[in-house]
Structure formats: C-alpha cells, structure tokens
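Welcome, and please get your viewer ready. We will go from stop to stop, and at each one you will hear what to select and what is there.

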Amino acid sequence: MKNVYLILIILSVSCKQAVNTENNMEKYIPATVVDETVKEIESKYPHADKELIRRGVKLTGDFWIAADGSADDFKAFCVNNYSEDKKPLLDRFAKNMETVFGRFSQISKEMQFPVHVGNEPLLSIDEIFASWSPFAHVNDDWFDNKLAMILHLNFPYYSLDERNGKGLQWTADENAAVNLGLHFASRTPGKLQQEAGEIATRAELYISNYNIYMHNIVDENGKRYFPEDMRLISHWGLRDELKSNYADKSETGLLKQKLIYDLMTRIIYQEIPQELINAKGNDYCPTNNRFFKDGQETAFEREKDVRYAFLLEVFRSAKAMDKYSPLYPDAIKRAFDQGLEMTFEEVETMFTTFLSAAVSKEVGKIIRERLGRPLQPYDIWYDGFKTRSSISDEELSSKTSGLFPDAKALEKHLPDILQHLGYTKERSEAICRYVAVDAARGSGHAMGASMKDDISRLRVRIPETGLNYNGFNIAMHEFGHNVEQTVSLYDVDNYLNSGIPNTAFTEALAFLFQKRDLDVLGFKENNPDKAKFTVMDNYWNAFEIMGVALVDMYAWKWMYANPNAKPGDLKTAIINIAKDVWNKYYAPVFDVSDSPVLAVYSHMISYPLYLAAYPVGHLIEFQLEQHLEGKNFAAEIDRIFSIGHCAPNVWMTKATGKKLSVEPFILSTQTTLNLFN
Ligand SMILES: [Zn+2]
C-alpha cells in the first residue's frame, strides 16, 4: 500500500523528536532577520530567483528554534548553504533518500514478516520488533543536523494551487525539486507525537470494543430477531447486517432494519445504556429506549457522550501540533492539502455538486419502486443493485485453487496474469521480477519497495486447499498495488518523482486490477443487467459516503471554531451538522427530514478526516475506467503508472486528459437511468 511519498508523509507526522527541539517554534527568527538574510543572498547571487530565495529563507526561519543557534547563526547558515546550482544538491538528496528510505522500508518489512506471513506460532518479541520503526528518528535527526533546513532553504515549498497550476509544464527535475520541498513539513516535539499516538490508540480501542450482542436487541413487544451468537461492531457490523436484510423480502427483514437503525440513532445521541456495550445478557429495545435485566425493566446509565469526548481528545492532540507545522497549520490542512493533496474547499465542492445532482432523485425513485415502499433513512445502504454472478462460486474457486495451490504457484503465474491483461511476455516478466508472493496471516495486503532492487510483496491468505475465488479477488487487488508500486518506482525519471499522488489514487488503481479478475481466469460474465446495475450501485455508494464524509469534515471545522467545547456541545453540534447535510441533500431524495444517520460512522472517531478519501477514490476510478474504455489496457496502465508523483489534477490530466471531476460520473448515471425506463 505504501509508496515512497506516503512513507515520507507518514514519517514527517509521526516521528519522535529529540529533547532539544521541544522549544516553542513561534517566531524565533524575526521578520527583519529574514529580510536581511534574503538581501545578503540576493547580493551574493544576483541572478537567482528572488521570490524563491525569500520563500526558502522564510520557511527555514519558521523551522529554526533556539537550539539551532542565534539569529546571526541563522543568517550565516542561510548565506553559506544557499546554492545557486540546485542540480548537484537535488541528485544527492534523491540518491541518499532512496538509500535511507529504501533500506528502512526493507528493515521494516523484515521486522514485520513473522506477524504478516505464515502460520507459525509467534514469539513474544515478534510484536515488539514489528511495531519498532527505523523511521522514527529521521525527522529529528535531519532537523538537528540541519539537512532538513538545507532542503527547505534550497527547495522551497510550492502550494497545492501552484503545483496544480504549473505542474504540467515542469520538467522531471523541476517536479522532483518541488516534491523534495514537500518533505519534512513539520517539526513536532516527540512528547506531542507520543501523546497523540496514545490517544489515537485509545480511540481505536474504544471503537474496536464497541460491539452489540444482537440477541439482546428486542422490539417493543420484547420479541427477538437476531441469532444468539451475533456480535456486531458499530458501525460496520451493524451496517452490514442491515444491508444483508434487503435479501429478506418478508416483514422480518424490514423490522430488523428498523431495529438496527433505531440502535444507531441511540448510539449517535448517546442514549444507549452503558451496560449494553460489549456485554451480553441484558435486553434493550432501541425503539423506546427501555432496558431489561432478567426480564424486568430497569433504570440505566446512558453512555454519557464518551464517543464525543474521544473525538475532542483526538482533536486537541492534533491542534497542539499546529504551531510546529508552518506549512499546514491545522489538522484539516494536514489531512487535505498535505495528505489528500486536495483542499477542503475543492473536495467539498465536488461532493456537494454530486449530492445536489438531479439524478440522485431519479435513482432514489428506482430504489423506491424496487422496494415497493417509501424510502427510509437507512436506505442509504440499499443493497439491491448487486447482481449475482452468472458463474458459481464453486466453479470459480475450483479453478483458482487448482491454479494456485500455494504462494509459489501464484508467484510463478503472475506474468501470465499480466499477459491476460494485455502485457507482452517481456514486459510482464520485467515487472514480476520485483514482485514476490507470501501466504498472509490476515486476508491480504501489498507492501511496496522504496528503492530499486528491493522486492514488493503480494500477500494473500491461502488455505490448505488452495486459493479460493474470494482470495484470488483480493490477490488481484493487491497485485494491482504491486504493479503500480513497481512501475511508479522504476519507470519515473527521478527517485523523488516515484509513486502516485495519494492513498485515494492507490486504491483506485488497485480496483482496476481487482475488477478484471474474471477476465484473467478466462470467464465471461453474461448477466445482461450487470453493467447497468453496477452503475446504479456505484452511484448510490458514492451518494452515501460523500454525505458521511461531509459530516466528518464539518465536525472538524466546528471543533476549530469551538476549541473549548464540552463533549455534550460537540454531540449537539455533530447531530445538527448531520441533520443539516441530510436535510440539504438527502431529504429531497428520501422525503424524510432530520435524520442524524450520517453521523454514525466510527471512522469519525478512530480515523478522523479520512472518510473523504473513499469517495475521491471512487471518482478517480470512474474517470480512469471511462478513459480506458476501448484502449489497450496494458499499454495505457503502464503509461499511467509511470506518471509518478505530482499534484492530483496534473496527474489526472496526464492520465486521462481531464482534471478530476464529478461530471462524468453523474452523466454516465443519467445515461444508464434511461435504460430503466
Ligand atoms: Zn488496497
């Protein structure tokens, strides 16, 4: 999953700092000293770009702390280390960063190997080795020895706007210089990093232990609907159970969905009994909020806004880092401008344009007709556009387990898979030389290389009986990651340009491979409705997740505007935000007002500000698929994977000729809708 760029981003936000950087970074170097320094460099290099000198000096000053030296030391440092000829510096940074990050990533992979691969019992030290990171101190070290300062002085930062605007014209070296300037973007004290890590871990633990024993959920008449052993995590498990009940056309399916929806509402409002969470035995009716012990109704303590208290803690730990990150001075900018490489406003406009499209109402109408009832808020998870494959799972699994009895067999077969997708024999072998397959303990993942000659790992669970079809489908996804990781490392013109824009892109590219799994196996799907139902399904999924992402985004805006809020205030605010988003974009489609359901996602608490990446990924994937239609898949993908790391809109334009936009998705849904009439 990782590419070099991501590793550096993660590194720049997750490293511990040495003690001497625990100083306050605020305005240690006064503006007058910056001005004097700029003047001195300008007179030494009269032909250099004045604007770039100013930017470099200013940013170096922003990072400079007392421990680095006096204001005079700062001036001397800048004058002595400014270089007019950037090329030798750029090449040395590229070479040494490949060595450092490439080797460190190799070490990490080795340390994590026992935890990720095989089924041997683990030693007690394996987890410790796996969680130790050789990257942990690079950020400190490179600020302390001033390599990071020399980097910022000579390779000044370009904003997202500038990168999107000018990026198409940049040469490979110019692009590499800009990419270099994006690294080491914060100098956060280790203590704060550590605290934030601890809070994140506690928030994750809170969410991963938020299970509901469904047998204890009863309706207003005390009737049970769910099996004894059903334990569902909020919100994923609850949502998936709700979805699965679309297949049950009887009254029971609907009743179960309503109970789950009521339960979700009680979680959002924090009216749920504390004693119900992660504990079995006592019954609860979420519809009328009544709690029973041994069949007797009992008074109970509600959860008391713990959910929102966690979010506030996560917010405060992020906010404490703001002043150490001069380029991205708040958590929203770090998540969007830095992480997703798209601004909050840009993403917000895409989502609201999509959500307001007239086509949503028409898709809603089709769902209403298919359900034969008015829409309910939980129908954001309507699952009825999924079509059954015309080929049975047994048939598919018998083929995959025959072909791939073990990891070695799959590895040997990888070039054939690429050839099925249209790659030449020579090219497929050249790529697959750098991909190895391991039998994973978990369901699967891909781990890329961060230096040439290292190998990227494709990991998938392979049962004794061979790889089943579900496993093969996952393997195709991971293989998509591996191919992208390999091509975007070897076929870019500078190490600093390796990779692709961000996680949303990574996932979109992996799905391109995953979706072609049947072709690779030589099967032809012949369900005539599949294509049109898939378009509807994708639309409805995007429609749901964009609203959820907006609630997450607006919640963070609200917290920044109200930093001293209490958990109860945040609860009220988030419920209002969720209802506002609902009333604006969903109520016109559903004919129901004031639902808070968009606030139920647990990502909001344990992976804050991450939800927007999912719909952005959907949009990228859609636009790429549309571009690939009628073209030679292998040739085009090979070209696209080798674009390398640049601003998202530059990348999309190089890949598809167009910037990322919601319009093609909306248009294609409109066209498909006509097939339903
Ligand atoms: Zn993936």
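The tour below starts with the whole chain and then moves to single sites.

**Before you click**

This is a predicted model, in which local features need pLDDT of at least 70 and side-chain atom pairs count only at pLDDT 80 or more, while totals for chains, interfaces and linings use all residues. Residues are numbered from 1 along each chain as its sequence is written, and side-chain values use heavy atoms, with hydrogens and water left out.

**Stop 1: the whole chain**

Show everything as a cartoon. Along the principal axes, the C-alpha trace spans about 85 × 60 × 55 Å.

Of the 677 residues, 56% are buried. Buried means under 20% relative accessible area, exposed means over 50%, and partly exposed lies in between (1.4 Å probe, protein chains only). Among contacts with a separation of 6 or more, 76% come from residues 24 or more positions apart, where contact means heavy atoms within 4.5 Å.

**Stop 2**

Colour helix H21 (residues 469–490) and helix H22 (residues 503–514): His477 in H21 and Glu507 in H22 are 30 residues apart, a pair that links distant parts of the chain. Both His477 and Glu507 are buried.

**Stop 3: helix H29**

Select residues 648–656. Seven of the nine residues of helix H29 are buried, so this helix is largely enclosed by the rest of the structure. Those covering its buried residues include helix H9 (160–166), helix H15 (331–340), helix H16 (344–356) and H22. Just after H29, look for Gly657, with a positive phi of about 85°.

**Stop 4**

Move to strand S3 (residues 283–285) and strand S4 (residues 290–293), an antiparallel pair with three bridges. Two strands pair if DSSP finds at least two bridges between them. Cys285 sits opposite Arg290 in S4. Four residues lie between the strands of this hairpin, and Asn289 has a positive phi near 60°.

Follow S4 onward to strand S5 (residues 296–298), which runs antiparallel to S4 and is joined to it by three bridges. Here Phe291 has Thr298 in S5 as its bridge partner. Two residues separate S4 and S5 in their hairpin, where Asp294 in the turn has a positive phi of about 50°.

**Stop 4: Ser595**

Next, pick Ser595, in the loop between helix H25 (567–590) and helix H26 (603–606). Is Ser595 buried or exposed? Ser595 counts as buried, because its relative accessibility is 2%. Its side chain makes a 2.7 Å polar contact with the side chain of Tyr261. A polar contact is a pair of N or O atoms within 3.5 Å; within protein, one must be able to donate a hydrogen and the other to accept it, and residues adjacent in sequence count only if both atoms are side-chain atoms. The Ser595 side chain also reaches the backbone nitrogen of Val597 at 3.2 Å.

**Stop 5: Glu313**

Finish at Glu313 in helix H14 (residues 306–319). Its side chain and that of Arg202 are joined by a polar contact of 2.9 Å. At 29% relative accessibility, Glu313 counts as partly exposed.
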